[in-house]
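Please consult the structure below alongside the text.

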Amino acid sequence: MPYSQEDQQWIQSQLQAELIGHEIITYDSVDSTNNIAKRLVGEPDKEGAVILANSQTQGKGRLGRTWHSEENVGIYLSILLKTSLPPEQISRIALVAGVALVQAINEYSPARAYLKWPNDILINGKKVAGILTEFCKKKDLSEVILGIGINVNHAHFPLPLQHIATSLAMENGKIFERLPLISSLVNRLDQEYQSFLNEGLSPTVTQWNLNSDMFGKHISLTKGTQTFFGTAMKLDEEEGHLVILTDNGEEIAFNSGEVTLME
Ligand code: BT5
């Protein structure tokens, strides 16, 4: 069902927002909630506003990929944040969001969700949620659009996604209400983001490491045309980079790349 005015008011009534979630704007179908958020860049009082849609016709993944956004069964939202971070550090906001997202999912899902670097959420090895951050500069204003998609009540996926995607319903054998999950997520995003602004990245990295099951596992990491093989060790505290002990015995920290778990 599309979000009703009562749904919007209910979510709003659950929020303790300092910044993220002071306003919720709901839509039925949009091209991409990130695109809607982008149009608000530079408008007064829109920092922290949540754009929430019931479906997307052109949901976006990273690097020009698409995000399957079926109506009624998923959560598709975007948040606008002003930032003074340089573009190469925007990935920190995705780490902050990842922690809030995995914790919100695990509050409701008995089947445990884990983070996979840089910002996938997996249950039983399949992707249940994803994060897309986009950097937007208008005049002297830098803003980040933080987009989050969660597969909640999908009963099936199109063929190309069947082996890699899952939903909370498929993993737990029951239907979930979207509204409590949305309000928990937004409250956690607000808290985690405040902690990041006040204390830096370290508390986020600690929580990230605790909510991932990729460490100690053999992985391949592809960056550009190069592929590295090794064991995932941790995210480093200062930058949130992925530290790998390569099969050649070298420790390397990566700021980006595509990870595949080998076992
Ligand atoms: C992501 O990209 O995981 C970021 C997804 C962000 C989606 C949100 S929804 C609200 C906001 N508005 C948007 O337009 N986007 C954001 P990436 O890591 O590149 O993963 C994309 C890949 O995951 C695709 O190429 C598919 O292989 C797979 N995929 C597509 N849709 C999926 C889904 N619903 N569930 C799981 N996997 C999916």
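The space taken by the ligand is the largest pocket. On a 1 Å grid over the protein atoms alone, a pocket is an open set of points where a 1.4 Å probe fits, with protein on both sides within 12 Å along at least five of seven lines; a molecule sits in one if more than half of its atoms lie within 2 Å of its grid points. The model is predicted, so local features need pLDDT of at least 70 and side-chain atom pairs count only at pLDDT 80 or more, while totals for chains, interfaces and linings use all residues. Residues are numbered from 1 along each chain as its sequence is written, and side-chain values use heavy atoms, with hydrogens and water left out.

**Ligand surroundings**

- Helix H2 (33-39) and strands S3 (74-82), S6 (126-138) and S7 (141-151) each give two or more residues to the shell around the ligand; helices (H or I, at least four residues) and strands (E, at least two) are DSSP runs, numbered from the N terminus.
- Around the ligand there are 26 residues, of which Ser32, Lys60, Arg65, Lys127 and Asn151 come nearest; a residue is counted if one of its heavy atoms lies within 4 Å.
- Polar side-chain atoms of Ser32 and Lys127 each lie 2.7 Å from an oxygen atom of the ligand.
- For Asn151, a polar side-chain atom is 2.8 Å from a nitrogen atom of the ligand.
- Of the 790 Å² of accessible area that the ligand has on its own, the protein covers 92% (Shrake-Rupley method, 1.4 Å probe).

**Arg65**

- Arg65 lies in the loop between strand S2 (50-56) and S3.
- Its relative accessibility is 38%, so Arg65 counts as partly exposed (between the limits for buried, under 20%, and exposed, over 50%; 1.4 Å probe, protein chains only).
- Beyond its neighbours within four places in sequence, Arg65 is in contact (heavy atoms within 4.5 Å) with Gly59, Lys60 and Glu258.
- The side chains of Arg65 and Glu258 are joined by a polar contact of 3.3 Å, that is, a pair of N or O atoms within 3.5 Å, one able to donate a hydrogen and the other to accept it.

**Two buried residues**

- Asn119, in the loop between strands S4 (113-116) and S5 (120-123), counts as buried because its relative accessibility is 6%.
- Asn119 touches Arg62, Ala94, Gly130 and Ile131, leaving out residues up to four places away in sequence.
- Ser183 belongs to helix H5 (residues 178-199) and counts as buried because its relative accessibility is 5%.
- A polar side-chain atom of Ser183 lies 3.2 Å from the backbone oxygen of Pro180.

Terms used
1 Å grid on protein atoms, 1.4 Å probe; cavity = no way out; pocket = protein on both sides within 12 Å on 5 of 7 lines; lining within 4 Å.
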